[in-house]
Amino acid sequence: VAQPRNIETLFILQPTADIGKSLTETEGKVVNDGFRPANNEVLFCFGRLQEQQKSLSEKGVNCLDFTNIFEGNSEDIYTDYIHFEDRGCQIVAARIAEEISSSWKSVFK
């Protein structure tokens with residue numbers, strides 16, 4: 001839909017608490033006390049999503065995999081299984097801004 005109209009896009013595969021980060025003690029408590037799908041279900045679905053993201057990227061669709069964006073981060077990021085604290089949002093926003101500034105030509109012309 002966007003291509004024929006020359007609209008630049010960016011699609012992002014967002015991480016979940018089970019993938020890409022060692023949870024802090026606080027995160028572990030809030031994640032384990034709330035809704036949490038079966039781990040094998042999450043890994044299966046994420047594997048499929050990552051395959052699709054890679055396929056779309058190879059076809060020229062601007063897709064990023066943020067699965068490991070919090071890797072090595074020891075701060076509290078998750079408020080539940082999929083939602084981020086302010087710090088997590090800052091990290092994601094900074095990475096999106098980095099991508100926009102390096103690849104979206106029309107924004108800076």
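Glu99 and Arg95 form a salt bridge, with their closest N and O atoms 3.8 Å apart; a salt bridge here is a side-chain nitrogen of Lys or Arg within 4 Å of a carboxyl oxygen of Asp or Glu. The model is predicted: local features need pLDDT of at least 70, side-chain atom pairs count only at pLDDT 80 or more, and totals for chains, interfaces and linings use all residues. Residues are numbered from 1 along each chain as its sequence is written, and side-chain values use heavy atoms, with hydrogens and water left out.

Both Glu99 and Arg95 belong to helix H3, 4 residues apart, about one turn of the helix. Helices (H or I, at least four residues) and strands (E, at least two) are DSSP runs, numbered from the N terminus. An α-helix has 3.6 residues a turn, so residues three or four places apart point the same way. Glu99 is buried, with a relative accessible area of 11%, while Arg95 is partly exposed at 27%. Buried means under 20% relative accessible area, exposed means over 50%, and partly exposed lies in between (1.4 Å probe, protein chains only). A network of salt bridges links Arg95, Glu98 and Glu99.

The count of salt bridges comes to 5.

| Pair | Distance |
|---|---|
| Glu99 and Arg95 | 3.8 Å |
| Arg87 and Glu75 | 3.2 Å |
| Glu25 and Lys29 | 3.4 Å |

Arg87 forms its salt bridge with Glu75. This pair links distant parts of the chain, 12 residues apart: Arg87 is in helix H3 (residues 86-103), and Glu75 is in the loop between strand S2 (63-65) and H3. Arg87 counts as partly exposed at 36% relative accessibility, and Glu75 counts as partly exposed at 34%.

Glu25 and Lys29 both lie in helix H1 (residues 25-33), 4 residues apart. At 61% relative accessibility, Glu25 counts as exposed. The face of H1 turned away from its buried side carries the exposed residues Glu25 and Asp33. Which residues of H1 are buried? They are Glu27, Gly28 and Val31.

Thr24 lies in the loop between strand S1 (11-13) and H1, and counts as buried at 17% relative accessibility. Not counting residues up to four places away in sequence, Thr24 touches Ser74, Glu75 and Asp76, where contact means heavy atoms within 4.5 Å.

The largest nonpolar core has 16 residues, of which Phe70, Ile77, Tyr78 and Phe84 touch the most other members. Helix H2 (39-58) and H3 are the elements that give two or more residues to this core. A nonpolar core is a set of buried Ala, Val, Leu, Ile, Met, Phe, Trp, Tyr and Cys residues joined through side-chain atoms within 4.5 Å. With residues up to four places away in sequence left out, Phe84 touches Gln14, Pro15, Phe70, Ile77, Tyr78, Thr79, Cys89 and Val92.

Overall, the protein has 3 helices and 2 strands, running β-α-α-β-α from the N terminus on. Buried residues make up 30% of its 109 residues.
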